[in-house]
Each structure stands twice: as structure tokens, then as C-alpha cells.
Amino acid sequence: MADPRRRPGRMAGPRRTRPGQDPVVGALQDPVLRQDGMSIITDWTAEKATAFGQENLGFQHNLHERPMFDDEGLARLLDLYPRDKLGVFTMGEDPKAWTTWRKGAAGTLSGDQLLEAAKAGRIWLNLRQTNDHVPEYAALCDEIFAEKEARVPGLRTFKRDLGMLISSANAQVFYHLDVPLVSLWQVRGQKKVWVYPVADPYVGELALEKIVLRETAEQFAFDPAWDSGAAVYDLTPGRMVTWRQNAPHRIENGPMLNVSISIEFMTPAALLRANVIYANGVLRRRLGARPRVQDGFGPTAVAKLAVARGAKALGLQTPHVRHLPVTFGLDAARPGMLVEA
């Protein structure tokens, strides 16, 4: 018997190959968009290539034109992605109230039902490391990074995490920072991103050390007065922004469903910086030192890399992993409604 919740003509399974499509890739990516010589990012310049990974930069891209991001493609993705790894969250409306970020569970809802819940409610679906679990997203990740490494002189990337974000109208992500480098690609809907300097008062070295040492969550207290010092990006389909490593940022969706690609990655310089910050935290806590962050591959930074690796090998710092409890579920019969646990 047909599932009454699934709209006529909709399938969560693989699409059929259309005439002219790659029989291996099938309908996952349009070959017109994958042909040799066509860039995903359409406004590369020599200046942007040189500054990539060092500065906040905005780009234009064409990923929003691919059929893998329409409703059928997203429902299929939600069906294929491991359910136990799917992040389901809701949050309050005050950008200062980061403790209202709550974790939920998707239960047995189908991909179609999860997409309808995102359209109707106030939830944020986070599919981390989609490239590790769904083959077409692994191919997309390889395609994106092949272009980046071809365009940016000397760029070498690793620890690549291509995640999908499917989120409700007016949902937000609170003020936080990430340890790796990040790029955010808008595919559907509109969102505003505030990116703040990597400096006091936005984030001090002590706060940065706590995050890298995993003593605290990536989210932390926010003062709305800091908005005056932020770079603000209005993301619409076909826009991407990337920012300096460890830059605090926050996000607010427009009044519609949003679909974005969040990519985290490391470079040798970014990994060294993360280890310098880790070593600084160890030296401050173990020896009472007052270390500073060094950028680049100087002798002090390389020595701190050895300190960080040694501290990790010896287990000198115990990370305090924050596990949010599941406090709500989703109602299959009432899209967008939360069922308190």
C-alpha cells in the first residue's frame, strides 16, 4: 500500500538517468555543470586566490543550479544519511540566548517528512560529514576541493568535512567559532551572516584556548554591540563566504526554508595554528605561562606543535565533551510541531 504521507510522483530513491547524463553519476549532478573547464566558483581573481584562507572573502558559485538540491534530492539525501548522525536542533529567538539551543530526534520520519518539518517549523537539520556517508556528496566534495587547490597557489587541504544544512524560516545559529577553516555556500533561501574579528573583545586568547582544548562549547556569550565591528554578508542562492580561521560568527535565516553547504577543512598552516593555541593552553595551565599565538611556520610555532603533540600523547588535558540531551521529537502528523520529550 502506498505511503499516504508521500506526495504523488515523489520518490526518495535514486533518480533515473536522463538522456545525455553520465551513467555512473546518473542524475546526481548535471554533466553540463561538470564539464571540463567549468568552475564552480564563477568570480575567481588573482587577489582572491592569494587571500583565500587568510581573509574574509565572498564568492559567487553555481551549485544552486544543480538538481541534487531540489525537494526530491533533499528528501533522498535525508533518507540516505545515517539517522543516528543527523543533528536536529531548535532554538529561541534572542541572539544572546545561546543556551536555548536544544537537541531533538528525528525518529522514524521519512526524508519527505523531515523536509516538511523544516519548511513548517523552527528547526535546524545538520548533516555533518555528508561526504563520508553519501557518494554523490563525496564526489561534490572532491570537485570543490580540486577546484580550490587548482586555483589557490600552493593550497593543500585535508580533514575535509562537507556538511548539509537544511533549516527553517527565521532559524538562527548563535555566536560561535570553529577551529578549522570554514566556507558557507548558500543554495536555497536567504540568510545573513555576521563575521567578527579574531581579537578582543569578540574572542580573547583565553576563550580561544578553552574551545581548542574542548573545555567549553564553541558557542559562548555574545554582546549585540559587537555587530558594529562585524563584516556582514547577505547570502542568496549562488553566494558563498569564507572567513579567517577562528573568526566568531552568527547566522540568521530569512523568512523561508534555507539550504546551505557548510565546508570545514584544514591546511598545514591552519593545523599548525590550532596546535599553537592548544600548546598555549597547556603551557598556561601547567606552567603558569602567558603565551601568545604565533602565525606562520616560525621556530616558536613549530616548537609549540611538538608541545601540543606531546601533551595529547600523554593525555595531559582531558576534553570536556558537551553532550546535549534530547529534549524533543518531531510529529509526523503535524509538520513542524515539536513533541517535548
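Helices (H or I, at least four residues) and strands (E, at least two) are DSSP runs, numbered from the N terminus. Counted in that way, the secondary structure of this protein comes to eight helices and 14 strands, and the paragraphs below move through some of them.

The structure is a predicted model, in which local features need a pLDDT of at least 70 and side-chain atom pairs count only at pLDDT 80 or more, while totals for chains, interfaces and linings use all residues. Residues are numbered from 1 along each chain as its sequence is written, and side-chain values use heavy atoms, with hydrogens and water left out. The score called pLDDT is the predictor's confidence in each residue, from 0 to 100; its mean for the protein is 89, and 89% of the residues reach 70 or more. Over residues 1–36, however, pLDDT stays under 50, and for this stretch the model has 58 contacts (a contact means heavy atoms within 4.5 Å) beyond four places in sequence.

Two totals describe the chain as a whole. Of the 341 residues of the protein, 51% count as buried, where buried means under 20% relative accessible area, exposed means over 50%, and partly exposed lies in between (1.4 Å probe, protein chains only). Among the contacts in the protein with a separation of 6 or more, 82% are accounted for by residues 24 or more positions apart.

Two packed helices are described by the angle between their axes and the distance between the axes. Helix α3 (residues 71–80) and helix α4 (residues 111–120) pack at an angle of about 115 degrees, with their axes 7 Å apart; here the axes are lines fitted to C-alpha atoms, for helices over the stretch in contact, and angles run from 0 to 180 degrees between N-to-C directions. Where the two helices meet, D71, L74, A75, L78 and D79 of α3 touch G111, D112, L114, L115 and K119 of α4.

Helix α4 is largely enclosed by the rest of the structure, because seven of its 10 residues are buried. These buried residues are G111, D112, Q113, L114, L115, A117 and A118, and they pack against α3, β4, β5 and β13 (326–330). Two of them, A117 and A118, are also among the residues that S168 touches, and the others are G121, R122, I123, N253 and M256, not counting residues up to four places away in sequence. S168 itself is placed in the loop between β5 (158–167) and β6 (172–176), and it is buried, with a relative accessible area of 0%. Although S168 and G336 are 168 residues apart along the chain, their C-alpha atoms are separated by 9.1 Å.

Another helix to follow is α7 (residues 268–287), whose 20 residues should span 28 Å at 1.5 Å a residue; its end C-alpha atoms are 27 Å apart, which agrees. The expected span is 1.5 Å times one less than the number of residues in the helix. Just after α7, G288 takes a positive phi of about 70 degrees.

Charged side chains give a further view of the fold. A search of the whole structure finds 20 salt bridges, a salt bridge being a side-chain nitrogen of Lys or Arg within 4 Å of a carboxyl oxygen of Asp or Glu. In one of them, the side chains of R128 and E264 meet at 3.4 Å, N to O. This pair links distant parts of the chain, 136 residues apart, with R128 in the loop between β4 (124–127) and α5 (135–151) and E264 in strand β12 (residues 258–266). R128 counts as partly exposed at 40% relative accessibility, whereas E264, at 15%, counts as buried.

A second salt bridge joins D234 and K192 at 3.9 Å, N to O. Because D234 lies in strand β9 (residues 231–235) and K192 in strand β8 (residues 191–195), the pair ties together parts that are 42 residues apart in sequence. D234 is exposed, with a relative accessible area of 53%, while K192 is partly exposed, with 32%. Finally, D71, E116, K119 and R188 are linked in a network of salt bridges, and of these residues, D71 and K119 also take part in the meeting of α3 and α4.
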